[in-house]
Amino acid sequence: MSIVSAFLVPGNPLPQLRPDIAPWGRIQAALRVAGEALAASRPDCVLVYSTQWMAVLDQLWITRERSVGLHVDENWHEFGEQPFDIASDTALAQACVARCLDAGVRARGVDYDGFPIDTGTITASTLMGFGQPALPVVIAANNLYHDAARTETLARLAVDCASAQGKRVAVVGVGGLSHSLFREPLALEADRLHSASDDDWNRRLLALMEAGDAQRLRDMLPDFARQARADMGMKHLHWVLGALGDALPAATVHAYEPLYGSGAAVVEFGRA
């Protein structure tokens with residue numbers, strides 16, 4: 001199999017912009033540990049799916065060789081800027097576009113200067129250390145009309161394209177867990193999960209990841225999505241599940257923390 005490692009990581013920029021806040025700093029440290037594990041698995045490229053890159057009309061893939069810019073998050077702009085310089089595996093991305101079309105999924109490549117790379121992709125690639133020319137990415141959009149099954153199909157499609165090109169890949173799903181944030185001002189040092197129920201659901205989900213139980217995980221996800229108001233229905237986790245299939249390695253949870261009330265975890269699924 002071409003997959004050498006897989007990860008589920010948060011896309012919120014607070015761990016990068018304010019690591020001085022203790023739980024956010026622990027997430028940043030865990031992302032760096034996960035990045036070291038990713039690099040040690042020696043992939044040729046990284047297959048990335050972020051809940052924050054939203055598409056509507058088509059399934060979009062970044063086909064631009066280099067995306068460079070300075071990003072300001074639309075929600076957390078007061079905490080600073082995020083410079084980025086992300087290299088793409090254009091040959092693999094173009095193969096994914098072609099394969100989508102063959103499979104009956106409307107798809108297009110995105111290749112123009114100044115395209116707005118999303119916060120989640122920028123945060124994960126910066127803190128985990130991928131997206132450079134030596135370790136390029138293939139970035140798939142979160143099409144809002146695609147359900148969990150279609151998202152898993154796209155992940156398998158991307159892995160198949162990588163296998164056809166003889167490439168080793170790491171898989172990264174970027175997004176959170178429970179997604180209720182505090183809507184009133186919060187003293188940052190007092191950050192916590194929005195509710196005990198959210199915390200309970202998050203821990204139950206993480207326990208199934210640690211057990212490596214793909215079927216029970218899939219069975220639980222619809223309830224989790226409803227009860228915990230999950231980030232985009234956990235489509236980023238379905239991206240990882242689709243890539244790995246039923247051979248889900250037992251996960252290591254490097255960190256589980258609140259991010260302004262929402263749940264966030266850095267999870268490594270091991271090497272397939």
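Analyst: Let us begin with exposure: a residue is called buried under 20% relative accessible area, exposed over 50%, and partly exposed in between, with a 1.4 Å probe and protein chains only. By that scale Leu-144, with a relative accessible area of 42%, is partly exposed. The model is predicted, so that local features need pLDDT of at least 70 and side-chain atom pairs pLDDT 80 or more, while totals for chains, interfaces and linings use all residues. Residues are numbered from 1 along each chain as its sequence is written, and side-chain values use heavy atoms, without hydrogens or water.

User: Where in the chain does Leu-144 lie?

Analyst: Secondary structure is assigned as DSSP runs numbered from the N terminus, helices being H or I of at least four residues and strands E of at least two. Leu-144 is in the loop that joins strand S7 (137–143) to helix H5 (148–164).

User: Which residues make the nonpolar surface patch?

Analyst: A patch is made of residues with over 30% relative accessible area and no salt bridge; nonpolar side chains (Val, Leu, Ile, Met, Phe, Trp, Tyr) are joined within 5 Å, and like charges within 9 Å. Areas come from the Shrake-Rupley method with a 1.4 Å probe, and for residues only the protein chains shown count as cover. Here Met-54, Val-56, Leu-57, Leu-144 and Tyr-145 form a nonpolar patch of about 570 Å².

User: Which parts of the chain does the pair of Asp-111 and Arg-64 tie together?

Analyst: In this salt bridge between Asp-111 and Arg-64 the closest N and O atoms are 3.0 Å apart. Asp-111 sits in the loop between strand S6 (107–110) and helix H4 (119–128), and Arg-64 in the loop between strand S3 (59–62) and strand S4 (66–71), so the pair ties together parts 47 residues apart in sequence. Asp-111 is partly exposed at 48% relative accessible area, and Arg-64 is also partly exposed, at 25%.

User: Are Glu-152 and Arg-218 buried or exposed?

Analyst: Both Glu-152 and Arg-218 are buried. They form a salt bridge whose closest N and O atoms are 3.0 Å apart. The pair links distant parts of the chain, Glu-152 being in helix H5 and Arg-218 in helix H7 (residues 214–227), 66 residues apart. A network of salt bridges links Glu-152, Arg-156, Arg-218 and Asp-246.

User: What is the volume of the largest pocket?

Analyst: Rolling a probe the size of a water molecule over the atoms shows where empty space is left. On a 1 Å grid over the protein atoms alone, a pocket is an open set of points with protein on both sides within 12 Å along at least five of seven lines; a cavity is a set where a 1.4 Å probe fits but cannot get out; lining residues have an atom within 4 Å of a point. Points are joined across faces, edges and corners, and the volume is the space filled by probe spheres set on them. The largest pocket has a volume of about 510 Å³. Of its 26 lining residues, the closest to the centre are Gln-52, Glu-74, Asn-75, His-179 and Asp-231. Strand S2 (45–55) and strand S10 (262–268) are the elements that give two or more residues to this lining.

User: Which residues line the largest cavity?

Analyst: The structure holds one cavity of 30 Å³ or more, and the largest cavity contains about 40 Å³ of space. Its lining consists of Arg-64, Ser-67, Val-68, Phe-84, Tyr-112, Asp-113, Gly-114, Phe-115 and Ile-117.

User: Which backbone angle deserves attention in Arg-229 and Tyr-260?

Analyst: The angle is phi: Arg-229, although not a glycine, has a positive phi of about 50 degrees, and Tyr-260, likewise not a glycine, has one of about 55 degrees. Arg-229 lies in the loop between H7 and helix H8 (235–244) and is exposed because its relative accessibility is 58%. Tyr-260 lies in the loop between strand S9 (252–259) and S10 and is buried, at 11%.

Notes. A salt bridge is a side-chain nitrogen of Lys or Arg within 4 Å of a carboxyl oxygen of Asp or Glu.
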